[in-house]
Amino acid sequence: MSIESDLKPDKRMMRQAFERAANTYDAAAVIQREVSQRLLERLDYINLEPTRLLDVGAGTGISIAGLKQRYPAANIYALDIARPMLLETRKKQGWWQRLRRPVKLITGDAESLPLADASMDLLFSNLALQWCLDLEKTFNEFRRVLKPGGLLMFTTFGPDTLKELRSCWSQVDGYTHVNNFIDMHDIGDALVRNYFADPVMDMELMTMTYKDVPGLMRDLKTIGAHNVTRGRSRKLTGKGRLQAVIAAYEQFRRDNVLPVSYEVVYGHAWIAEETSAQSVHVAFDGLK
């Protein structure tokens, strides 16, 4: 198995992790809710009135209320690889909503969408692309199901996400302990190769703080985002190694809290009437 393959998630384990986390996800999904809100706000500046839209990697439906508010007449579909997550989405809908205009729930994989060609006006995806094994295949599927003139709007995590935790584990052993995240420029290039029009990419750095490392690890497990890489150790993490990670993380402590970095990547692109080579515009949102 190659080093690159070791860094990719084990999809079976990933699905099982999210299935187990469905009932606890919302309690710890702070960063997911914040990024969702920021992505939804970007839709306010885009001239689009979709009749059919798909939330790819919808999870427990964090973004659904915002999508329904912006597009009350649209038929909304929620897709996730973990069925229990979608059942949490259903719970958030009142009985009248389920009766009058229900969100259609689809258990499926973003890399193989169970949808017809050119069937959607908008694909919205918040923090799901980082779980896909093959970005080229994923974008090809997105382009297939979008109508001409349709929009892809997404967020994902960049390489500096959890950089402190990754650094600490690298001092302890040679296994992968933090999931791999793709660089913003590589994502933009993949959009171009898959004939998306006018792709725009930008990013921002967000920081959460914790009192201790076990609190961070508990939250990652609570939302199903703990280590599911193929190169992970198959053995239980020993107390000694865990204590070594905790000790190493202390170098980052400031004002009596530990920082946790998230590099949030935003992207959007269109489906043109005619496909042709496109250039990608990368903005850094004022960051140096």
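Predicted model: local features only at pLDDT ≥ 70, side-chain atom pairs only at ≥ 80, totals over all residues.
**Entry 1. Confidence**

I began with residues 283-288, where pLDDT stays under 50. For this stretch I found 13 contacts in the model beyond four places in sequence.

I then looked up the mean pLDDT of the chain, which is 88. Of the residues in the chain, 85% reach 70 or more. Residues 275-279 are another stretch with pLDDT below 50. I recorded nine contacts for residues 275-279 beyond near neighbours in sequence.

**Entry 2. The chain as a whole**

I recorded 12 helices and eight strands in the chain. The chain has 288 residues, and 50% of them count as buried. I next took the contacts between residues at least 6 apart in sequence. Of these contacts, 84% join residues at least 24 apart.

**Entry 3. Helices α8 and α10**

For packed helices I note the angle between the two axes and the distance between them. I looked up helix α8, residues 135-145, against helix α10, residues 184-193. Their axes come within 9 Å and cross at roughly 50°. That angle makes α8 oblique to α10.

Which residues make the contact? From α8 I listed Leu135, Glu136 and Phe139. From α10 I listed Ile187, Ala190, Leu191 and Arg193. By class, the residues of this contact divide into five nonpolar and two charged, with no polar residue.

**Entry 4. Helices α11 and α12**

I turned to helix α11, residues 213-222, and helix α12, residues 239-249. The two pack at an angle of about 115°, and their axes are 10 Å apart.

On the α11 side, the contact is made by Val213, Pro214, Leu216 and Met217. On the α12 side, I noted Leu242, Val245, Ile246 and Tyr249. How do the residues of this contact divide by class? I counted eight nonpolar, no polar and no charged.

**Entry 5. Arg12**

I located Arg12 in helix α2, which covers residues 11-21.

Technical notes:
Residues numbered from 1 in each chain as written. Heavy atoms only, no water. Axes fitted to C-alpha atoms, helices over the stretch in contact; angles between N-to-C directions. Helix = DSSP H or I, 4+ residues; strand = E, 2+ residues; numbered from the N terminus. Parallel < 35°, antiparallel > 145°, perpendicular 65-115°, else oblique. Contact = heavy atoms within 4.5 Å. Nonpolar A, V, L, I, M, F, W, Y, C, P; charged D, E, K, R; others polar. pLDDT = per-residue confidence, 0-100. Buried < 20%, exposed > 50% of the residue type's maximum accessible area, 1.4 Å probe, protein only.
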